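Take a look at the model first, and then follow the points below with the structure open beside you.

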Amino acid sequence: CSTELASICSRAKATGGEALNCLQENRLHSDMTKSCAAAILRDEATALASIEMMPMLKRKCLSELKTVCKNVAEADAISCLKEHAAAASAQCRHSLFPVIKAQSGNIALDVKSSFVCSED
């Protein structure tokens with residue numbers, strides 16, 4: 001995505017995640033190549049698929065992970081948290097909300113929904 005960084009995100013700092021945030025925010029920009037947009041989407045899907053990729057969420061929802069989601073495989077932990085969000089602590093819900101928002105904005109970022117709907 002070096003071309004896109006230079007043209008679309010030229011003002012973003014290369015360090016601190018600013019460049020990646022810029023690319024994510026501009027994934028649908030008319031100058032974004034399909035290969036770069038696909039790479040960004042893959043990275044987002046990977047990050048949102050595993051609780052291990054989100055240490056803050058894991059820490060904030062530790063109580064829920066040890067109780068209502070204790071018998072759930074690690075790969076299903078985020079789905080479990082989403083299912084029980086209404087009963088979760090405020091700190092867990094607050095950390096979970098951006099994940100739910102990101103996944104609801106693009107079904108490809110919700111691994112289970114994407115798989116179930118892949119034939120539609």
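Cysteine 69 is buried, with a relative accessible area of 4%. Its disulfide partner in this predicted model is cysteine 80, and the two sulfur atoms are 2.0 Å apart. Cysteine 80 is buried as well, at a relative accessible area of 5%.

**The bond between cysteine 69 and cysteine 80**

- The torsion about the S-S bond of cysteine 69 and cysteine 80 is about -95°, so this disulfide is left-handed.
- Cysteine 69 sits in the loop between α5 and α6, while cysteine 80 belongs to helix α6, so the bond ties together parts that are 11 residues apart in sequence.

**The other disulfides**

- A search of the whole structure turns up four disulfides.
- Counting bonded cysteines along the chain, the pairing pattern is 1-4, 2-3, 5-8, 6-7.
- Cysteine 1 is bonded to cysteine 36, with 2.0 Å between the sulfur atoms.
- That link is right-handed, with 115° about the S-S bond.
- It joins distant parts of the chain: cysteine 1 is in the segment before α1 (2–7), and cysteine 36 is in helix α3 (residues 34–49), 35 residues apart.
- How accessible are the two ends? Cysteine 1 counts as partly exposed at 38% relative accessibility, whereas cysteine 36 counts as buried at 3%.
- Cysteine 9 pairs with cysteine 22, and here too the sulfur atoms are 2.0 Å apart.
- The torsion about the S-S bond of cysteine 9 and cysteine 22 is about -90°, so this disulfide is left-handed.
- Cysteine 9 lies in the loop between α1 and α2 (18–25) and cysteine 22 in helix α2, so the pair ties together parts that are 13 residues apart in sequence.
- Cysteine 9 is buried at 3% relative accessibility, and cysteine 22 is buried at 13%.

**Nonpolar cores**

- As background, nonpolar side chains tend to be buried together in soluble globular proteins.
- The largest nonpolar core has 16 residues, of which Ile51, Met54, Leu57, Leu65, Ile78, Leu81 and Val99 touch the most other members.
- Two or more residues of this core come from each of α6 (77–83) and α7 (90–105).
- Helix α6 gives the most to this core, with four residues.
- Apart from this core lies another one of eight residues, among them Ile8, Cys9, Leu23 and Met32.
- Which residues does leucine 57 contact, leaving aside its neighbours within four places in sequence? Leucine 57 is in contact with Ile51, Ile78, Cys92, Ser95, Leu96 and Val99.

**The salt bridge**

- Lysine 58 and glutamate 52 form it, and their closest N and O atoms are 2.5 Å apart.
- Are these two residues buried, exposed or in between? Lysine 58 is partly exposed, with a relative accessible area of 30%, and glutamate 52 is partly exposed at 38% relative accessibility.
- Both values fall between the cut-offs of 20% and 50%, which means that neither residue counts as buried or as exposed.

**The chain as a whole**

- The secondary structure comes to eight helices and zero strands.
- Buried residues make up 30% of the 120 residues in the chain.
- Among contacts with a separation of 6 or more, 41% are between residues 24 or more positions apart.
- The chain exposes about 7,900 Å², and carbon and sulfur atoms supply 56% of that area.

- The average pLDDT of the chain is 82, and 85% of the residues score at least 70.
- Which elements have the lowest and the highest mean pLDDT? Helix α8 (residues 111–116) has the lowest, at 49, and helix α5 (residues 62–66) has the highest, at 95.
- Where pLDDT is low, the predicted coordinates should not be read in detail.

Notes
Residues are numbered from 1 along each chain as its sequence is written. This is a predicted model: local features need pLDDT of at least 70, side-chain atom pairs count only at pLDDT 80 or more; totals for chains, interfaces and linings use all residues. Side-chain values use heavy atoms; hydrogens and water are left out. pLDDT is the predictor's confidence in each residue, from 0 to 100. A salt bridge is a side-chain nitrogen of Lys or Arg within 4 Å of a carboxyl oxygen of Asp or Glu. Buried means under 20% relative accessible area, exposed over 50%, partly exposed in between (1.4 Å probe, protein chains only). A nonpolar core is a set of buried Ala, Val, Leu, Ile, Met, Phe, Trp, Tyr and Cys residues joined through side-chain atoms within 4.5 Å. Contact means heavy atoms within 4.5 Å. A disulfide is a pair of cysteine sulfur atoms within 2.5 Å. Accessible areas come from the Shrake-Rupley method with a 1.4 Å probe; for residues, only the protein chains shown count as cover.
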